[in-house]
Amino acid sequence: MSVKDIVEDIKSKDSLPEYWDFKGKDQREHVHSMIKYPAVMVPNMQGEIFDILLKHDDTISNVLDPFMGSGTALVEGYLRGLDVMGIDINPLSFLAVKVKLQRYTIKTLQRKSKALMSRIQGDNSKECFEFNNIRKWYKEEIIASLSKIRRCILLEPDKKYRQLFWVTFAEIAKQADNSRTSTFKLHIKEPGRIEDWEYDCIERFKFKLVENITAIKDFMEMLPEDIREKKVVVKYGDSLKLLSDRRTFKDNCVDLVITSPPYGDNATTITYGQFSVLPLKWIPLADIDDKIDNCVVETLSKIDSDSLGGHNYTVKSIVESNLYAYSEPFAKLYNQLTDAMQIEKARKVASFLLDFEKVIASLHKIVKENKFMVFTVGNRHVNKLEVPFDEILESIAEYYGFDVIYDFRRNILKNKNYSDTKAQNFKTIKKETIIVLQKRNLV
């Protein structure tokens with residue numbers, strides 16, 4: 001393996017105008033298309049990164065994504081014959097990735113789907129599912145239709161196939177709600193728009209189910225012959241805890257990390273939890289995983305507050321932290337925010353980055369020497385200041401024993417919106433930085 005060859009290979013493509021933008025090549029095909037999810041990675045771009053690394057290092061046998069989201073990196077790694085491991089604190093992410101990487105018998109899936117649609121068409125019950133504030137977020141006729149679909153999915157005896165139906169259902173439940181589509185946060189539409197809103201849940205569910213069956217069939221046909229030998233390990237939970245748990249991840253067990261972490265705490269950046277919580281309220285959480293507590297969907301903000309940076313560090317602990325001492329870009333940003341008397345914003349930003357530092361520290365223990373991590377990150381704005389997440393990540397990685405072997409930038413062709421404050425409304429992250437890291441040889 002030659003690191004120089006890897007860098008030269010990336011450079012040769014980076015030198016081509018807008019190569020990494022993948023303009024016109026950012027489609028989400030096969031299982032990538034099964035469910036919409038906020039701020040997803042571009043499959044072709046991540047696939048290209050895989051291909052470059054695997055071309056020059058044929059000893060890579062597994063890949064980990066500690067913030068797996070919709071599972072883009074894991075699906076691309078699986079297609080290339082790697083064992084895949086992923087973590088996410090969002091139950092909807094966990095459900096979607098689990099379904100994408102499960103093996104299905106297509107004939108059985110078609111038979112069970114046909115039986116499900118027959119049950120839905122023949123269901124005459126008027127009973128409606130209930131949860132707190134359901135009528136704020138859904139119209140009566142939509143509640144009735146979604147309740148019918150839910151009731152009929154529950155009659156499927158095989159949990160594996162129910163999970164696929166729930167992924168399909170989640171997409172329809174999200175499209176049918178009364179929230180505005182201009183943001184991932186839950187903001188109710190104007191009353192007039194809700195009143196005029198019409199949506200045929202059953203017809204849309206039927207169409208999406210056919211799409212998802214086709215997506216799974218296409219994906220399975222792409223898999224290498226020996227793929228049955230490959231392992232899939234997806235975990236629901238907090239990366240901070242799971243990565244430091246040696247019962248889950250042993251020292252030096254990971255060949256490659258490919259991920260796109262959150263760009264800041266979810267509450268003020270991309271609210272993955274708020275985006276997901278309404279569909280999750282409809283789905284029995286035990287059907288996703290027995291470890292998921294119902295409290296995660298009791299409020300709209302629980303998933304986001306449990307994520308990185310969801311709980312603030314004290315000012316004292318921030319300024320006395322190692323990160324503040326060794327990372328000049330972090331200290332500079334924190335001081336700029338506090339000098340502007342934006343204390344709470346400074347704490348929010350710092351809390352996320354201090355949590356993220358712990359993730360890198362844990363990754364250093366489980367990644368093998370000389371192996372690689374690839375991060376795709378974006379720099380958001382707080383109080384009109386750019387948060388140099390790329391520079392801060394590089395300083396953290398270098399402190400914990402990784403070398404930056406190359407970084408490059410790409411234009412984001414589809415907007416990744418986030419809200420910082422009401423005064424700033426919506427910012428758009430227009431560029432991402434891809435950072436390739438190698439763990440140092442300690443000998």
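**Ground rules.** I number residues from 1 along each chain as its sequence is written, and I keep in mind that this is a predicted model, in which local features need pLDDT of at least 70 and side-chain atom pairs count only at pLDDT 80 or more, while totals for chains, interfaces and linings use all residues. Side-chain values use heavy atoms, with hydrogens and water left out.

**Entry 1, H1 and H2.** I looked up helix H1 (residues 3-14) against helix H2 (residues 43-56) and found an angle of about 150 degrees with the axes 9 Å apart; helices (H or I, at least four residues) and strands (E, at least two) are DSSP runs numbered from the N terminus, and axes are lines fitted to C-alpha atoms, for helices over the stretch in contact, with angles from 0 to 180 degrees between N-to-C directions. H1 passes H2 in a right-handed crossing, that is, with the near helix turned clockwise from the far one by less than a right angle. The contact (heavy atoms within 4.5 Å) is made by Asp5, Ile6, Asp9, Ile10 and Lys13 of H1 and by Glu48, Ile52, Leu53, Lys55 and His56 of H2. By class I note four nonpolar, one polar and five charged residues there, where Ala, Val, Leu, Ile, Met, Phe, Trp, Tyr, Cys and Pro count as nonpolar, Asp, Glu, Lys and Arg as charged, and the others, Gly among them, as polar.

I stayed in helix H2 for Leu54, which touches Ile60, Arg80 and Leu82 when residues up to four places away in sequence are not counted. From Leu54 to Leu333 I read 279 residues in sequence and 37 Å in space, C-alpha to C-alpha.

The axes of helix H7 (residues 140-153) and helix H10 (residues 201-222) come within 9 Å and cross at roughly 45 degrees. H7 and H10 are therefore oblique to each other, since angles under 35 degrees count as roughly parallel, over 145 as roughly antiparallel, 65 to 115 as roughly perpendicular and the rest as oblique. I list Ile142, Ser145, Leu146, Lys148, Ile149 and Ile153 of H7 in contact with Cys201, Ile202 and Phe205 of H10, a set with seven nonpolar, one polar and one charged residues.

I noted a volume of about 400 Å³ for the second largest pocket; a pocket is an open set of points on a 1 Å grid over the protein atoms alone, with protein on both sides within 12 Å along at least five of seven lines, and lining residues have an atom within 4 Å of a point. A volume is the space filled by probe spheres set on the points, which are joined across faces, edges and corners. Of its 17 lining residues, Tyr236, Gly237, Asp238, Leu242 and Lys291 are the closest to the centre. Strand E3 gives the most to this lining, with three residues, and the lining has eight nonpolar, one polar and eight charged residues.

My search of the whole structure found three cavities of 30 Å³ or more, a cavity being a set of points where a 1.4 Å probe fits but cannot get out. The largest cavity holds about 350 Å³, and of its 31 lining residues the closest to the centre are Phe67, Gly69, Asp88, Pro262 and Tyr272. I count 17 nonpolar, eleven polar and three charged residues in that lining.
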